[in-house]
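Load the model in a viewer and keep the sequence panel open. The stops below say what to select and what is there.

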Amino acid sequence: MARAGGRIGGHSGILDGSLQPVFQPMQEIYDPAAVEAAAQRSWDEAGTFRAVEDPTREKYYCLSMFPYPSGRLHMGHVRNYTIGDVISRYMRMQGRNVLQPMGWDAFGLPAENAAMANNVPPARWTYDNIATMKRQLKALGFGLDWDREVTTCRPEYYRWNQWLFLRMLERGVAYKKTGTVNWDPIDKTVLANEQVIDGKGWRTGAVIEKREIPMYYLGITRYAQELLDEVEQLAGWPERVRTMQANWIGRSEGVTIAFPYTLEGQARQLKVFTTRADTLMGATFVAVAAEHPLAAHAARGDAALAAFVDECKRGSVMEADLATMDKKGMPTGLTVTHPLSGAAVPVWVGNYVLMGYGEGAVMGVPGHDERDFAFARKYSLPIVQVIDVAGQPYSTDAWQAWYADEGVCVCSGRYDGLDHAAAVRAIAADLQAQGCGSLQVQWRLRDWGISRQRYWGCPIPIIHCDACGDVPVPDKDLPVVLPEDLVPDGTGSPLAKLRSFIDCECPACGKAARRETDTMDTFVDSSWYFLRFASAGNEQAMVDGRVEYWLPADQYIGGIEHAILHLLYSRFWTKVMRDIGLVKISEPFSNLLTQGMVRNGIYFRKPASGRVVYYNPTEVEVLTDAKGTPIGARLKADGEPVESGGIGTMSKSRNNGVDPQAFIDRYGADTARLFMMFAAPPELSLDWSDEGAEGAFRFLKRLWKAVHTHVQAGPVAALDRSALAPADRDLRRLAHQTLAKVGDDYGRRRTFNTAIAAVMELLNAITRHDAASPDARAVVHEALDIAVLTLSPVVPHVTEALWHALGHPGSMVDETWPQPDPEALVQDAIELVVQVNGKLRGRISVAVDADEASVRAAALADADVRRHIGEMTVRKVIVVKGKLVSVVAA
RNA sequence: GCGCGGGUGGCGAAACUGGUAGACGCAGGGGACUUAAAAUCCCUUGCCGAAAGGCGUGCGGGUUCGAGUCCCGCCCCGCGCACCA
C-alpha cells in the first residue's frame with residue numbers, strides 16, 4: 001500500500017510550520033482536464049485504491065449501491081458515488097484500510113425492452129452499457145477497487161444464486177406454491193407491475209387479468225421476528241428507514257377466529273384474523289376474496305356472482321390499485337355460524353379482500369371499522385355498536401373517528417364492561433375452549449416470490465420430471481447457464497421456446513425431462529453482492545474468510561427508494577447464509593445513508609391535439625423580471641414560449657435529465673463532484689442548477705488563484721506562534737476551527753454542504769487577509785494547506801495539484817487528517833446578544849470565562865437594553881452561557 | 001387508501017442540544033477594470049418603513065423568559081406499497 005507514513009502525523013508537519021515548503025512550478029490557469037488526467041494516472045500507477053486485507057489495520061468498508069447498467073451514468077449515480085468517495089477518502093485519511101468496490105446489477109427488464117426495440121440480445125446491450133459507464137466512473141476519479149468488480153449476469157456470479165437457492169430448498173426455506181401475476185390475454189404473457197398502465201397491458205392495451213401460477217418462494221417470514229428485533233437495534237440507520245421496515249414487517253398480535261359452516265355435508269371452518277377480537281359480538285358479516293374457494297363454490301350456481309368474481313379478477317395485482325378502488329361486494333347466499341352467539345352470519349365476496357393475506361377472509365364489524373362501516377351502509381348490512389368510549393353518543397348515520405378507538409364492551413353479553421385487553425383475553429379463551437380460535441401473532445410481511453417468467457435473469461436450477469417431480473439440479477451441474485444470444489419478442493420468455501435449453505435428462509432417473517424456464521427476481525442478485533466483493537474471484541466457494549475481515553459494511557449509501565425491499569431482502573439473505581454457516585454476521589450494513597433524488601425543471605408544450613412535448617432545460621431560456629423572479633420561459637430554438645411544469649425527479653419521460661458527461665467534459669469531474677456535494681445535504685432531494693454548477697467551478701478557480709498568488713510571492717518563513725498580530729491570530733483560529741468543523745461534518749454529521757461552505761468562508765478570509773508580513777504569509781500558508789487538505793475528499797484532483805504546488809512532495813491521498821491545534825482555537829472575548837422580553841435589543845462583549853453575575857451586570861448596563869427596559873421592572877434575567885442573556889421586564 | 005419523509009428570502013440552503021432566522025452559494029441591483037464584451041474584483045440584497053421600529057420559517061391553535069426546532073389539528077408536495085431497479 002502506498003502510505004508514506006508518519007511524515008505528517010498529528011502535530012508535526014504542516015500545522016506547526018516546521019516544514020520548509022519547496023514550491024513546485026505552477027500553472028497560472030486552472031485546467032481541469034490536465035489536472036484530472038495527471039491525478040488519475042498517478043493513482044492508477046500506484047494502485048492506490050486496491051484494497052488488501054490486513055488484520056493489523058482497522059478496516060473500513062464503504063459500499064454504494066451498485067448501478068443497473070441502463071446506458072449512461074445519470075446525476076443520481078454521480079451523487080451516490082461522490083458521497084461514497086468523500087467518506088472513503090476521509091476514512092483513508094483517518095488511517096483506515098478502506099475497501100470501496102463497484103459492480104453491476106446487470107439482469108433486468110430494461111435490457112429486454114431495449115432488446116425488443118433494437119433487435120439486439122440483452123447481453124450485448126448490457127455489456128456495452130457496462131463498458132460506457134465504467135469509463136464514466138473512472139473519469140469521475142472515484143477511488144474504486146476495480147479488481148473486485150462483480151457483474152451479476154456472469155455465470156461465475158449467478159451460479160452462487162443457484163447454489164444457495166438449492167441449499168434453501170434443502171432446508172425448506174425455499175418452497176413452491178401458487179402466486180398471483182398480471183396476465184396479458186393478447187400477448188399471452190406475464191407482465192411486470194410497471195408494464196400495467198391503468199389496468200391495461202402497455203403494448204396491447206388489453207385489460208389485464210390476475211392469474212394463479214406455480215412459483216418458488218423464499219420463507220422470509222420465518223425470519224420476521226429477528227428482522228424486526230434487529231432493525232430496532234441498527235443505531236447507524238436513519239430512524240425513518242427503521243420505522244418503515246418495522247411497519248412493513250408489521251407484527252400484530254390478535255386472534256384467529258373460526259366461523260363454522262357446513263358445505264356439501266361436511267363441517268368446515270372459515271378462518272379470519274383480527275386485532276380487535278373485542279368487537280367480535282359486532283360482527284355482522286364476513287367477506288372473502290374473489291379467489292377464495294367459498295366464492296368459487298357459490299359462483300357455480302349464480303351467474304351474477306360468477307360475473308362479479310370475474311370482475312374482481314380483472315385489473316393489476318398492485319396493492320396501491322387494490323387499496324384505492326371502490327369497495328364492492330356481493331352476497332354468496334351462504335352463511336357461517338358466529339362462534340359465540342351462534343347467529344347465522346352472511347358470507348360476502350369483497351373486491352378489497354386479499355387472498356394472499358391471511359386466509360383470504362375478514363370479519364366485518366361495521367360498528368367499529370371505517371371500511372366495514374362504509375361497506376355496510378352501501379349494502380344495507382346491520383351496524384351494531386359494541387364498544388363504548390367515555391359515554392360518547394353513537395349514531396349509525398355517519399362515521400366518527402372514535403368508533404375505531406379502544407373502549408369498553410357493550411351489547412356483548414357476558415363481555416360487557418371489559419376493556420380492550422380483558423375482552424380480547426376472555427374472547428380468545430372462550431373461542432379456544434370451543435376449538436374456534438386462539439391468540440396469534442400475525443405478520444404483514446409475506447414470503448418472497450422469486451419466480452419470473454422472463455429471459456434476462458438467473459435460471460432457477462430445477463428440472464421437471466414426469467416420474468420424479470421437481471428435481472434440483474445437482475451441484476456438479478451448476479451453473480445452469482443462461483444462453484446470451486436470444487432476443488425476446490414480447491410474447492413470453494424466449495427460454496420457454498428454446499428446446500435446447502428445455503430438453504434435459506432427469507438427474508434422478510435419467511429419463512427425458514424439462515428444465516425450469518423461469519428466472520429469479522433480480523432482487524436476489526442484489527441481496528448478497530456486497531459479500532461477493534469481499535470474496536472476489538473465488539471460483540470454489542460463494543464466500544470465503546475475507547468476508548470476516550470486511551463485513552459488515554461500515555457505510556452503505558443509496559437511494560431512499562430502496563428503504564424497504566432491497567434492504568430487507570439483503571438482511572434476510574445474510575441471515576440465511578449465517579444459518580447455513582457461510583458467514584458469521586447477522587446484519588450486513590452497520591450504517592446507512594439514504595440519499596435524496598436529483599431533480600430539475602420541467603418544460604413542455606401542449607399542442608391543441610396530440611401528446612405533450614417535453615423540452616430539456618438546456619434547450620430552454622428562463623425569462624425573469626427585474627428582481628430575477630422567473631416570469632416565463634421560451635425555447636431557444638424558436639424563441640416561442642414553453643410552459644413550466646415546476647421541478648421534478650430527473651427522468652426520461654419528462655426529458656429533464658442532465659448528462660453528467662457533457663458537464664464533466666466542460667468543467668471537469670471536480671466541479672461536478674463539488675456542486676453535487678454543495679447544493680444540498682445528502683438526504684434531501686437536490687435541484688440541478690446550471691448557474692449553481694458554474695459557481696462551483698468559480699470557487700475552484702478562486703482556490704487555484706489564491707494558491708498561485710501565494711506561491712508566486714516566494715518562500716515562506718516558518719510559523720512563529722509566539723507573537724502573532726491579532727489579525728493573524730484570527731485567521732489562524734478560523735483555519736483551525738474550519739479543520740475541526742469539516743472533520744466533524746464529514747465524519748459524524750455527513751453534511752458535506754456545510755463542510756464546503758466552511759472552507760468557502762475560510763478562503764474568503766484568506767483572500768481578504770493582508771499577507772505583507774512574514775508571520776502573515778506563514779499563517780496564510782497554513783490556512784491554504786488546511787483548505788486544500790480538507791477539500792481533498794470532495795475534489796481530489798485539483799487538491800492533489802495544489803498540494804504539490806504548496807510544496808508537499810507526497811501524494812495528497814497518503815496524508816493523515818490532522819488534529820486542530822488547541823492553542824489556535826483559544827479566544828479571549830465573545831459577543832453575547834441580549835433579549836428584552838424575547839426581542840433582540842443589544843450586544844455585549846464579555847470575557848470567555850466571565851461569571852454569570854458580571855455577564856448579567858454587563859447586559860443590564862448596555863445602553864440599548866436600558867432604553868428598552870425603560871420604566872419597566874426587571875423580573876428575571878436568564879443567562880445562557882456563551883449564547884445570550886434574556887431579560888424579562890414588566 | 002396505507003406506511004414514511006418534507007414545506008425557511010427571487011432560488012438551493014444554514015441554524016447540530018428550545019437560545020442572534022437566512023451562514024455559504026446562485027440569481028438580481030450598483031460600481032471598478034476594459035475601446036467594448038467576457039472574465040475578475042469591490043459594494044449591496046427577507047418584507048414593510050424616511051427612521052425608530054414592526055412583520056416574517058405552509059396554515060390555525062398551544063407550551064415557554066424564548067419555538068424553524070416541542071405538542072394538537074389542518075393543507076400541500078415527494079418516496080414506497082411486494083414483478084422498475
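Helices (H or I, at least four residues) and strands (E, at least two) are DSSP runs, numbered from the N terminus; the expected span of a helix is 1.5 Å times one less than its number of residues. This is a predicted model, in which local features need pLDDT of at least 70 and side-chain atom pairs count only at pLDDT 80 or more, while totals for chains, interfaces and linings use all residues. Residues are numbered from 1 along each chain as its sequence is written, chains are lettered from A and ligands numbered from 1 in the order in which they are written, and side-chain values use heavy atoms, with hydrogens and water left out.

**Whole chain**

Select chain A. It has 27 helices and 37 strands, and its C-alpha atoms fill a box of roughly 105 × 85 × 65 Å along the principal axes. Of its 890 residues, 52% count as buried (buried means under 20% relative accessible area, exposed over 50%, partly exposed in between, with a 1.4 Å probe and protein chains only). Contact means heavy atoms within 4.5 Å; among contacts between residues at least 6 apart in sequence, 71% join residues at least 24 apart.

**Helix α1**

Select residues 32-46. This is helix α1, with 15 residues and a reach of 21 Å from first C-alpha to last, close to the 21 Å expected at 1.5 Å a residue. Colour P32, V35, E36, A39, Q40 and W43, the buried residues of α1. Seen down the helix axis, these fall within an arc of 120 degrees, so they line one face of α1 (the arc is that of the directions from the helix axis to the C-beta atoms). A33, D44 and E45, on the other side, are exposed. Now show what covers the buried residues: the cover includes α2 (75-93), α4 (122-139), α18 (660-667), α19 (669-678), α20 (690-712) and α24 (796-805). After α1 comes G47, with a positive phi near 60 degrees.

**H797**

Stay with α24 and pick H797, which lies in that helix. At 0% relative accessibility, H797 counts as buried. Which residues does H797 contact, leaving aside its neighbours within four places in sequence? They are V35, E36, A39, Q40, W43, L140, G141, A669 and D670.

**Helices α21 and α23**

Select 726-749 and 774-791. These helices, α21 and α23, pack at an angle of about 10 degrees with their axes 9 Å apart. Axes are lines fitted to C-alpha atoms, for helices over the stretch in contact, and angles run from 0 to 180 degrees between N-to-C directions. The two helices are therefore roughly parallel (angles under 35 degrees count as roughly parallel, over 145 as roughly antiparallel, 65 to 115 as roughly perpendicular and the rest as oblique). Residues of α21 in the packing include L731, A735, L739 and Y746, and those of α23 include A776, V780, A783 and I786.

**Strand β34 and its partners**

Two strands pair if DSSP finds at least two bridges between them. Select 829-836, strand β34, and 839-847, strand β35: they run antiparallel and are joined by eight bridges. E831 has S845 in β35 as its bridge partner. Two residues separate the strands of this hairpin, where N837 takes a positive phi near 50 degrees.
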